[in-house]
Amino acid sequence: MFRKKDLLGLKDMSAEEIISVLDHAAGMKEAFVGGKPLSLLSGKCVTTLFYENSTRTKNSFETAARFLGARTMSVTVATSSVQKGESLIDTGRTLDALRTDAIVIRHSMAGAPALLAANVKASVINAGDGMNEHPTQSLLDLFTMRDKFGTFKGLRVVLVGDVKHSRVARSNIWALSRLGAETVVVAPCTLIPKGIEELGCEVSYNIEDALIGANVVMGLRIQRERQKAGLFPSLSEYNSEFGITAERLYGICENAIVMHPGPVNRGVELSGDVADCENSVINEQVTNGVAVRMAVMDILVGGR
Ligand code: CP
């Protein structure tokens, strides 16, 4: 088990620590899908502090915290004193004074969760910081892969899409390389950051080549909100060159599972029929996310 106060990223987590979280999450999933709430965080308080939009992550953390018996608070940044100029550190210290035990933070600036963690007593959990990391998304992705294949050794995992802006890609590349999987990123060259291979992946600019032998095909959202300049001619051209289509999936790697962290841009990263096909585990990923976040909060807040 990892014994730190905070979960800021997977870059510094060992394979053993990652596996221990996944093992713990397996028990949590049984309780969650079996509809048997637990009281492991009874008397504790978990606060979500999201400076960027979210559907899955925020609701997943709140569902997980309540399922473990915690009280929850939610700071809606758009209607909070952040709008009056309150700093991140002062907001965090205010939440400390309200006796929260954990702050789950999403922020557009890489490093914001680390800054908060250094200045508050509460455990800080990174729910996505800029283009840096999204550790619980990666843990739920890993949980889903292990559930399907039983191991990471020898798995070929192909990440297709906006690698440049993807914190999910970074967390997954760190973790998968440590766990013995082969990771390939594929995108137009404008969406692949220089030096990404050093994190532990191969780079391809041709989706047909990259999909050969794939066990997992993961679409990454085209993050138009983070793109300052046009990085490809149009969404339809991106889809025609790099989209995960039924023809590519069934023609090249028919047994691969299809993943996506969400939200999906149908017809861009994935065609609608691929998002809904029997190989797609996108909705399972969401359920697994609650189990993984229950495990993380039990370890950090419940003191397991
Ligand atoms: N996967 C993910 O982070 O989704 P949300 O932006 O909806 O939280």
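Modeller: The model is predicted. The domain assignment of the protein places residues 15-133 and 286-302 in domain 1, and residues 135-282 in domain 2. Taken over C-alpha atoms, the centres of domain 1 and domain 2 are 26 Å apart.

Where the domains meet, 28 residues of domain 1 are in contact with 26 residues of domain 2. The size of an interface is often given as the accessible area lost when the parts come together. Here the area buried between domain 1 and domain 2 is about 2,200 Å², and carbon and sulfur atoms give 61% of it. Within domain 1, the residues that lose the most area to domain 2 are Leu-22, Met-131 and Glu-133; together they account for 28% of what that side buries.

As for polar interactions, nine residue pairs, both members at pLDDT 80 or more, are in polar contact between domain 1 and domain 2. The count of salt bridges between the two domains is two. The side chains of Glu-52 and Arg-167 form a salt bridge, with an N to O distance of 3.1 Å.

Turning to secondary structure, the side of domain 1 that touches domain 2 draws at least two residues from each of helix 1 (15-33), helix 2 (56-67), strand 3 (102-107), strand 4 (123-129) and helix 11 (282-300). Helix 1 gives the most to that side, with nine residues. By residue class, the side of domain 1 that touches domain 2 holds 13 nonpolar, seven polar and eight charged residues.

Notes: Residues numbered from 1 in each chain as written. Predicted model: local features only at pLDDT ≥ 70, side-chain atom pairs only at ≥ 80, totals over all residues. Heavy atoms only, no water. Domains from an automatic or database assignment. Contact = heavy atoms within 4.5 Å. Buried area = accessible area lost by both parts, 1.4 Å probe. Salt bridge = Lys/Arg side-chain N within 4 Å of Asp/Glu carboxyl O. Polar contact = N/O pair within 3.5 Å; in protein donor to acceptor, adjacent residues only side chain to side chain. Helix = DSSP H or I, 4+ residues; strand = E, 2+ residues; numbered from the N terminus. Nonpolar A, V, L, I, M, F, W, Y, C, P; charged D, E, K, R; others polar.
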